[in-house]
Amino acid sequence: MQAWRAVQSMSFSGKLGAGGNQRAALPVPVPGGRKLGQLALPARPAEEVQLPFAMELMRPRKMRMELEFAGQTAIQVYDGSSGWKLRPFLNRRVVEPYTAEELRIASTQADLDGPLVDYAAKGTRIELAGTEKVEDRDAYKLKLTMKSGQAIHVWIDAQTFLETQDRGAASAPGWCRPSRGSLLPRFRTVAGLQIPYLLETKVLSVGTTALGPQGPSVPMERAIINKVVVNPKLDEARFSKPQAEVASNAR
């Protein structure tokens with residue numbers, strides 16, 4: 001706790017997996033006698049594309065993320081209350097404000113030290129929701145109800161007491177979808193903190209229900225952290241509304 005409370009800013013850089021071309025094919029109707037049959041096209045495997053990214057965090061609740069793709073840089077910025085995004089790879093070269101849903105997601109994800117540290121002071125209630133296996137290891141399943149009323153689940157490894165998995169919403173420049181993230185056992189010690197250097201995210205199918213996926217499967221997405229800096233000197237201006245002309249020439 002002492003180490004976390006000494007942290008005012010953090011920066012991360014690495015590679016973000018774009019999933020390659022391994023998504024399941026949609027069934028296609030084909031002639032089948034009296035009625036139409038279903039034919040699934042074969043998968044078209046391809047190596048996962050690794051996109052360079054950089055993320056900066058600063059108290060209280062500020063975040064900036066840059067993602068390079070095809071020689072262009074997408075930017076996502078949250079200043080603690082407002083957010084903006086620039087997505088040139090989608091041919092959107094103007095800075096757009098966050099949607100209401102993106103603001104909701106950002107408000108729960110922007111805490112530099114995560115939802116568990118000082119949870120009571122943040123107005124969060126925690127209850128034990130049981131125990132489950134995560135990657136063949138015992139884990140405690142916690143239900144966190146935020147001050148806003150939103151609930152998420154976090155799994156704590158029963159041996160290391162580190163976060164091994166969470167379930168909430170994935171967020172990247174311009175999109176957010178329900179996801180399940182796995183962290184164990186890829187932690188390293190940085191300035192007295194335990195930091196995961198490999199994050200695996202399973203984005204759930206749009207049609208996922210309590211009974212399971214109701215749509216084509218989506219491959220695991222991986223973020224590989226190459227460098228972590230604790231308390232870097234960051235300019236406050238980096239968490240303001242980005243400029244399109246600056247972003248188009250970034251790096």
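**Exercise 1.** Identify the side chain with which the side chain of Lys62 makes a polar contact, and decide whether Lys62 is buried or exposed.

*Solution.* The side chain of Lys62 makes a polar contact with the side chain of Glu236 at 2.5 Å. Such a contact is a pair of N or O atoms within 3.5 Å; within protein, one must be able to donate a hydrogen and the other to accept it, and residues adjacent in sequence count only if both atoms are side-chain atoms. This is a predicted model, in which local features need pLDDT of at least 70 and side-chain atom pairs count only at pLDDT 80 or more, while totals for chains, interfaces and linings use all residues. Residues are numbered from 1 along each chain as its sequence is written, and side-chain values use heavy atoms, without hydrogens and water. Next, Lys62 belongs to strand β5, residues 62-69 (strands are DSSP runs of E, at least two residues; helices are runs of H or I, at least four; both are numbered from the N terminus). Finally, Lys62 counts as buried because its relative accessibility is 16% (buried: under 20% relative accessible area; exposed: over 50%; partly exposed in between; 1.4 Å probe, protein chains only).

**Exercise 2.** Determine which residues of helix α2 are buried and why they lie on the same side.

*Solution.* Within α2 (residues 100-109), Glu102, Ile105 and Ala106 are buried. They share a side of α2 because they cover an arc of only 100° around the axis, taken from the directions from the helix axis to the C-beta atoms.
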